[in-house]
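I opened this notebook to keep track of what I looked up, one entry at a time. The structure comes first, and my entries follow it.

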Amino acid sequence: MITSGAAATVELRSVQAPARLTGRIAVPGDKSISHRAILLNAIATGSAGVTGAGLGADCRASIASVESLGATVQRRWPDGSLSPALAVPDSVVGNGAVHRAADLVIEGAGGAGLREPEEVLDAANSGTTARFLSGILAGQPFFSVLTGDASLRRRPMGRVIEPLIAMGARIVGRDDNRCLPIALSPAQLRAIEYELPVASAQLKSCLLLAGLQATGATVLHEPAASRDHTERLLRAQGASLRVEGRHLTLAGDAALAAVDVAVPGDLSSAAFWLVAALLHPQASVTIERVGINPGRTGLLDVLTEMGGRLTLTNRRQAGGEPVADITAESSRLRGVRVGGELIPRLLDEVPILALAAALAEGTTTIHDAAELRVKESDRLAAVAGELTTLGGQVEELPDGLVIRGTPSLAGGEAEAHGDHRLAMMACIAGLVSAGPVLVGGAETVEVSYPGFWHDLEHLAPGAARVL
Ligand code: S3P
């Protein structure tokens, strides 16, 4: 097992290949959209109903933060009763799926109604929470401090701090303004025109949230298209936002109105089961009501090009986003080349794509993905290391991976490196390897996928056990 200093193994699970992998499931509400529904409604005026929100640990960090800032987030249970969103009644504690799809009622504080938090705000493991909050807090008339867990404190914040300071924000941060914790003092923001150095939806969203509070029109240019959930929601909330290709113009001094959001299932969570089903010889899995925003579907395009049998049915719109049911069936995959503008469209899916490539015929190369080195772990190093341990042939490049497909993986011990997507990739490897895979740090799946083990048990009874 490869262990990283910051990511000690807490929970060890063993996963082995089942005879078959079949069934229909609904994955948790989309993490990106859930964050936005919480954060953007918290700074809006009025009350919003959010249905189907995924409340993994990341989104719970967003709820805790907006509550410290004066918004209220309640959970509506199926019997219609309301309780504070983060308090789970005793009757449902211990049900891993309880945070899979939550209905929330959010009372926005209004942009001008936020209050100074008494405590340090803690974004925990969530880059989205940290980057979005930075944009919200930068223009407030009060002091705040923002931090995160060990992994998040290592991730780059300079990319948001630098343009925010150019807008007039008063921010100081650790490591010469590059890392959390950061402290933000009262400031009046002015709009800037800015060329984003990376195609990052978190950076783009941070600057849009700051731009709402600035005087003048904020103009952003993206190097490649990143997911546009923020733009969709801001428009629905009444912001004046013009998008022409990769150029965005947002009017400042804007007030948002609370808006209801129906959150679709998370394609980034569905991805694990889709790849599992393509790789397993006796498999057919359907994931219901998955978000298929074009900014997120790069993996579906690549798996189809690899020969994967994927079928999208029941296509419709839900909450301003396109959704569909997706079925994956046992397939023979072949290697492909992946890079360029495709990368932001499958950014979070590279770990599971690498597993698919490790069992495909031929070689897969992934380029232009250096951004993966600053995610919850260095995902290029971690994926290469763990897949190699399990019997794969993977070479690390500065900006990607070269994966030579083999007919089977042996199995063995894999470590999550404190990274939820690594834990799930290792678990899926167990479902399709000759021998069992021991997954160290299995508890990290909770960051994005509450109910992961519950769904695994449904699709492959008895395949996983806690050691
Ligand atoms: C996210 C954007 C992506 C992604 C992250 C969630 C978002 O990061 O990796 O998991 O919700 O905006 P980038 O900021 O690199 O696009």
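Entry 1: I began with the side chains of Arg227 and Ser32, which are joined by a polar contact of 2.8 Å. I noted at once that this is a predicted model, so I treat each distance as a computed value. A further polar contact, of 3.5 Å, links the side chain of Arg227 to that of Asp348. When I looked up where Arg227 sits, I found it in the loop between strand S12 (217-221) and helix H8 (229-236).

Is Arg227 buried or exposed? Its relative accessible area is 11%, and because buried means under 20%, Arg227 counts as buried. Leaving aside residues up to four places away in sequence, I listed what Arg227 touches, including Lys204, Gly295 and Arg296.

**Entry 2: the ligand.** Next I asked which residues are found around the ligand. I then looked up individual distances to oxygen atoms of the ligand. Ser32 has a polar side-chain atom 2.7 Å from one such oxygen atom, while for Thr128 the distance from a polar side-chain atom to a ligand oxygen is 3.4 Å. With Ala201 the backbone takes part, as one of its polar backbone atoms is 2.8 Å from an oxygen atom of the ligand. The ligand taken alone exposes 380 Å², of which the protein buries 97%.

Entry 3: I turned to helix H5 (residues 158-166), where Gly158, Arg159, Val160, Ile161, Pro163 and Leu164 are buried. The buried residues of H5 pack against several elements, among them helix H3 (127-137), strand S10 (179-185) and helix H7 (201-213). Just after H5 I noted Gly168, which takes a positive phi of about 105°.

**Entry 4: a sheet.** Last, I traced an open sheet of four strands, which has mixed pairing and the order S2-S16-S18-S17. Its edge strands, each pairing on one side only, are strand S2 (21-25) and strand S17 (309-318). From one strand to the next the twist averages 15°.

How many bridges join strand S16 to strand S18? I found six between S16 (residues 283-291) and S18 (residues 321-329), and these two strands run antiparallel. Within this pair, Val285 stands opposite Ala328 in S18. Helix H15 (residues 452-459) packs on the sheet, where it touches S2 and S16, and its direction makes about 125° with that of S2.

Key:
Residues are numbered from 1 along each chain as its sequence is written. This is a predicted model: local features need pLDDT of at least 70, side-chain atom pairs count only at pLDDT 80 or more; totals for chains, interfaces and linings use all residues. Side-chain values use heavy atoms; hydrogens and water are left out. Two strands pair if DSSP finds at least two bridges between them. Axes are lines fitted to C-alpha atoms, for helices over the stretch in contact, and angles run from 0 to 180 degrees between N-to-C directions. Contact means heavy atoms within 4.5 Å. A residue is near a molecule or strand if one of its heavy atoms lies within 4 Å of it. A polar contact is a pair of N or O atoms within 3.5 Å; within protein, one must be able to donate a hydrogen and the other to accept it, and residues adjacent in sequence count only if both atoms are side-chain atoms. Accessible areas come from the Shrake-Rupley method with a 1.4 Å probe; for residues, only the protein chains shown count as cover. Buried means under 20% relative accessible area, exposed over 50%, partly exposed in between (1.4 Å probe, protein chains only).
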